[in-house]
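Take a look at the model below. The text then walks through two of its contact surfaces.

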Amino acid sequence: MENTVTLTIDGESVTVAQGTTLRAACEEVQHPVPTLCWHENLTAANACRACVVEVKGSRTLVASCSRIAEAGMEVQTASERVLNSRKVVAELLLSTSDASIAPDLQSLAAISSADAERFSGGNTWAQPVREDNNLYVRDLAKCILCYRCVEACGDDAQNTFAIAVAGRGFNAHIDAGFGRDLPESDCVYCGNCVAVCPTGALIGKREFDLRARGEWDEDKITTTPTVCSFCGVGCELDLHVMDNQIIKVTSPLDHPVTHGMLCVKGRFGYEFAQSEEPV
Amino acid sequence: MNEVRRLLPGKQTSSSPISKERLVERGFDRALDYALALEPEEIISTVTKSGIKGRGGAAFPTGVKWSSVSKAEGSVKYVVMNADESELGTFKDRVLLEEDPLGALVGLVIGAHAVGAKKAYCYIRGEYREVEQTLARAIETLRHGGWVGPHGVEIEIRRGAGAYIAGEETALFNSIEGKRPEPRVKPPFPTTKGLWASPTLIQNVETLANVAILFAHDLHWFTAYGTQDTVGTKLVGLSGHIRRPGVYEVPFGTPMQEILDAPELGGTVSGSGRLGAVLLGGAAGTFLTPQEVKNTVLDYPSLGAIGASIGSGAIMVFDDTVNLEWVVTKLARFFAEESCGQCVPCRIGTKRILEMMETGELWTRTSDLRALGQAMKDASICGLGQTAPVALLSILERPELRHHA
Amino acid sequence: MGLTTAFGSGAGTSAYEDFHHTAFILLVGSNAAEAHPIIFHHIMKGVHNGAKLVVVDPRKTLTTKRAHEHLQIAVGSDIALLNAIAHVIIRDQLYRADFIERATTGFDAFRTSVATWTPERAAAITGIETDRIESLAHRYAMAPSAMIGWTLGITEHHNAVDNVMALINLSLLGGNVGRPYAGLNPLRGQNNVQGGGDMGALPNRLPGFQDITDPAVREKFERAWGVSISSQRGWDQTQMFDAMDRGALRGLYVIGENPLQSEANSAHMRKIFSQLDALVVQDIFLTATGKMADVVLPARASFAESDGTYTNSERRVQRVKAGRQAPGEAQDDLWIVTSLARAMGYDWPFSKAEQVFDEMRHLTTNYYGMTYDRLEQEHGLQWPVPEEGHPGSRVLHERLWDDVVVDKAPFTCVEWAPPTEQTTAEYPLLLTTGRRLAFFNTGVQSNVYDHPHNTGEWMEIHPKDAETLGINDEDVVRVLSRRGEVEVPAHYSEAVNPGTVFMTFHFPDEVMTNALTIDSTDPQSGTAEFKAAAVRVERLNVVVDK
């Protein structure tokens with residue numbers, strides 16, 4: 001077939017459309033590879049390396065999130081080298097960042113049988129929470145530097161470019177420029193960085209406060225899809241409601257209008273609907 | 001075997017390195033006029049037949065690379081000279097550019113013609129300020145000759161700002177583009193999507209100098225030195241416990257021991273006078289035992305057999321009093337400081353290695369270090385992370401070096 | 001309005017997705033990055049895929065910052081620019097002759113009408129150099145596909161419909177309508193402006209833009225509703241205000257609007273509202289308008305507390321659902337309206353929004369194929385959806401590309417007229433208004449959440465003008481127009497050209513910007529000229545604190 005390629009994954013032959021990534025191909029044959037930084041609506045950052053697979057003939061392992069399938073490739077998703085890398089990646093992250101509300105990292109750790117203690121004991125990312133505005137909070141002790149926020153703020157969605165990686169090596173970190181507080185930066189508070197953050201390092205102020213008080217209760221939260229009442233773009237909002245209070249707003253990743261992205265009014269501007277001002 | 005001088009100008013060379021006279025004295029004017037009159041395919045064919053391999057460390061066949069860029073789709077192409085020489089113990093490109101800057105530039109102009117590029121960049125290490133001035137004046141010499149300029153190729157110098165990672169070819173492109181020098185994922189390779197997303201030929205200074213001398217002479221002359229596998233000569237940088245530190249040009253196939261001992265080369269080990277180990281290839285290189293030094297020659301297959309590589313040609317010599325654990329700690333600090341931080345294995349791995357070295361755990365946590373090192377080699381994005389654990393792992397493979405620790 | 005006249009339905013002709021793959025994007029009078037941020041995401045996807053983005057705006061904005069080119073046009077001179085672009089395209093024979101021949105009417109007259117619109121003439125009016133006009137015309141015409149988008153910078157003028165017509169003319173010249181990656185896109189300012197129009201909330205339309213003057217249409221609805229429908233065109237909002245002014249309209253029922261603060265010339269608004277015999281206001285808050293009301297009906301926040309649909313700027317009809325309980329006695333709009341009807345003797349059988357929707361879709365071909373279930377499962381549907389299995393329509397007016405086009409699209413000759421108010425020695429500056437990203441209209445919705453940029457209103461003034469007037473950055477100044485005055489902090493800004501000042505109307509309780517704006521309206525659409533009012537800026541007497 002002209003627009004397809006055939007390759008083998010863990011010995012199983014599979015034919016996929018040209019341009020399919022190895023990650024997607026692995027998913028198709030139900031040999032899914034774990035991912036952390038990959039996000040369906042963002043350019044693959046290939047930063048976490050959790051999704052590496054072994055391709056015959058390749059000196060190193062390859063990041064399946066961004067490698068395009070080629071005809072005749074022989075891919076292994078669970079070779080000894082793959083399992084070692086996956087496990088070490090999980091262990092390194094666990095030794096550094098607070099994974100307490102990072103479900104993807106927790107599941108990577110579980111499936112790779114990671115030993116959280118193996119590389120622990122050294123420097124970590126523990127640092128004070130930065131609460132410099134009332135819309136969202138930066139709890140960078142939880143950051144795994146997946147670059148999703150940078151991409152959502154940049155080319156992939158918002159095109160504001162308020163944040164980038166600064167520093168290098170272990171000190172590389174997400175920064176709004178010269179270590180500034182957000183109100184002094186170019187941030188427009190769309191919160192799309194919060195929407196794509198996989199670890200809770202960027203988190204809505206309301207959720208942060210509720211969690212801090214121990215009042216965040218997933219069992220009590222209902223989610224209702226509706227449409228934003230600000231401008232005429234028509235963004236679907238998923239209202240997360242607890243005790244009749246909207247506590248978070250998201251949008252579905254597969255929505256043709258939003259692709260999961262919102263503006264500041266849609267994401268944080270809901271308070272008017274529950275303000276106490278009497279009519 | 002004596003020191004050879006082909007890439008480096010002969011000792012009797014009298015003209016100023018940046019002068020028109022030097023072009024003539026080295027035969028580079030002839031090389032340019034000859035090569036630029038050829039069809040691109042003919043140039044590429046000659047380079048392929050010469051067997052030149054990339055001298056930046058990866059030893060990729062130069063002709064194959066040129067052919068790929070030439071065939072790549074795209075109306076705009078670039079050539080780049082990688083002069084961001086930052087590897088520990090490596091200073092050959094600096095010496096080459098100081099003594100004979102026109103050579104590498106001539107190779108660059110020929111490369112541009114061969115792949116169809118109108119624009120070339122020289123990316124030079126930020127600390128090489130004087131070399132940069134020399135290079136700029138050498139470019140002017142070529143401009144006066146009409147080889148550089150609107151009718152030939154435009155050459156622009158870009159200076160790095162002190163990041164080792166910027167020498168990685170795709171990080172270097174990002175740096176030229178004004179971005180943070182983070183390596184890009186490959187594929188796509190630079191040959192199809194490099195600088196400004198266009199097909200790009202990027203070569204080390206020494207590789208380009210090889211091209212210049214190839215066209216200044218002929219294949220027969222060029223292939224007079226070297227081995228079956230690797231043709232020509234190599235610049236090596238001797239440093240550490242050696243009586244005559246410096247850059248030397250030696251034919252491939254020269255015994256390692258001879259490089260250390262020959263009177264016109266290293267002139268024997270200094271310090272205690274007894275060889276402890278050699279670190280071959282810089283910070284990302286391999287430790288060799290005295291026995292290995294005795295038994296190997298400077299050639300890819302010979303070194304490959306013992307898990308080593310020539311790399312950039314750095315040969316750091318340690319006498320038998322040096323605590324290699326201290327050396328490994330220094331290397332670990334270097335990588336931890338120079339990692340860009342993009343990928344997990346390198347960003348955190350280099351830090352953890354440094355911490356383990358600082359707490360003296362080299363020989364007590366070998367299985368953890370092997371697992372970590374293997375993951376870094378396998379899963380890091382670029383050569384920095386992939387090679388950062390190599391020296392350390394090479395020590396673990398050579399317990400006889402432990403008595404130094 | 002303009003789109004309805006030209007094509008028969010007043011809606012954007014493309015999908016947002018078409019921005020991703022178009023070759024050229026022309027935004028006129030639109031600050032999408034701030035006013036329509038998520039459409040701007042789609043626009044920027046196109047830019048990253050290689051589209052050229054040209055923005056025509058009197059101000060530098062977050063949108064112009066990302067554009068390949070920004071034409072900083074004089075306020076209210078759009079038609080001069082657009083006619084000159086058409087002039088160049090025709091002069092240089094870059095128009096799509098085959099398309100024009102097959103699918104349009106009135107080209108010859110149009111050609112004649114723009115013959116005098118040389119770039120030189122337009123340059124003198126717009127302040128844009130002739131070579132830039134020429135170049136834009138060429139690039140637009142040569143692009144294999146082009147999307148045109150506009151917002152209130154086009155429609156909030158006394159000649160709004162002419163502005164839209166001039167844009168439609170450009171799209172017809174390039175054949176940029178009725179096919180993928182090409183189209184005309186009004187970016188709607190409010191969540192359900194499109195839906196209101198779709199449902200016939202227009203003086204001369206029934207649901208689905210069905211013409212009230214068509215007897216067959218009336219008969220269909222009369223049969224379904226069991227009442228007779230007047231064939232007379234009703235009043236638009238401006239006509240209603242005029243009628244209130246002359247005493248012909250004595251009672252008003254306002255649902256979810258705050259005209260006292262949102263309409264131009266607010267002093268005049270207050271006067272005509274105070275003349276009413278009866279004013280009923282239905283809103284979620286006690287707005288400034290509500291405070292004047294005889295009866296206030298507490299409503300629910302539609303997006304969070306009630307059921308229904310909105311239609312967006314790409315004709316996508318989507319479900320709105322209650323996610324929380326409304327406070328106190330607040331009721332759903334449907335409940336209130338049906339209760340009122342019942343009190344007036346009509347026992348409408350509606351207890352759920354879905355019942356109203358179902359009735360409507362059976363009378364409205366464009367909506368027929370939509371059901372609440374489908375809307376929910378398919379993330380909404382873009383009308384027309386004529387059958388239940390129909391996937392919805394990404395592109396409107398594909399008929400224009402048929403071999404034989406029955407219903408052709410007309411060129412419309414439009415002449416430029418300057419803004420109603422010109423600057424004078426007494427009122428030497430032109431005030432233009434707009435939105436800022438974090439806020440919305442009169443702030444009823446947006447001034448509640450705690451945004452770090454919520455520092456109230458300010459006026460952007462070019463430092464040159466400010467210095468001439470002896471105004472320091474951040475000084476509070478008095479701004480006066482022929483209709484009113486406000487006090488507001490002045491911010492030095494090079495986003496505006498000298499001679500122009502900019503304000504929003506997001507904070508009317510502190511700064512009543514619409515006290516200044518002019519209620520000169522477009523005779524066809526009824527939209528007021530919020531974008532141009534002559535003003536004077538004065539220093540306040542500075543009290544020096546010793």
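Predicted model: local features only at pLDDT ≥ 70, side-chain atom pairs only at ≥ 80, totals over all residues.

Residues are numbered from 1 along each chain as its sequence is written, chains are lettered from A and ligands numbered from 1 in the order in which they are written, and side-chain values use heavy atoms, with hydrogens and water left out.

Start with chains B and A. Chain B brings 35 residues to the contact and chain A brings 34 (contact means heavy atoms within 4.5 Å). About 2,800 Å² is buried between them, 52% of it from carbon and sulfur atoms (buried area is the accessible area, 1.4 Å probe, that two parts lose on being put together, summed over both). R347(B), R352(B) and D378(B) supply 22% of chain B's buried area against chain A, more than any other three residues. Three salt bridges cross this interface (a side-chain nitrogen of Lys or Arg within 4 Å of a carboxyl oxygen of Asp or Glu). D378(B) forms a salt bridge with R81(A), with the closest N and O atoms 2.6 Å apart.

Now turn to chain C. Domain 1 gives 21 residues to their contact and domain 3 gives 24. Two salt bridges link these domains. K531(C) forms a salt bridge with E156(C), the closest N and O atoms being 3.9 Å apart.
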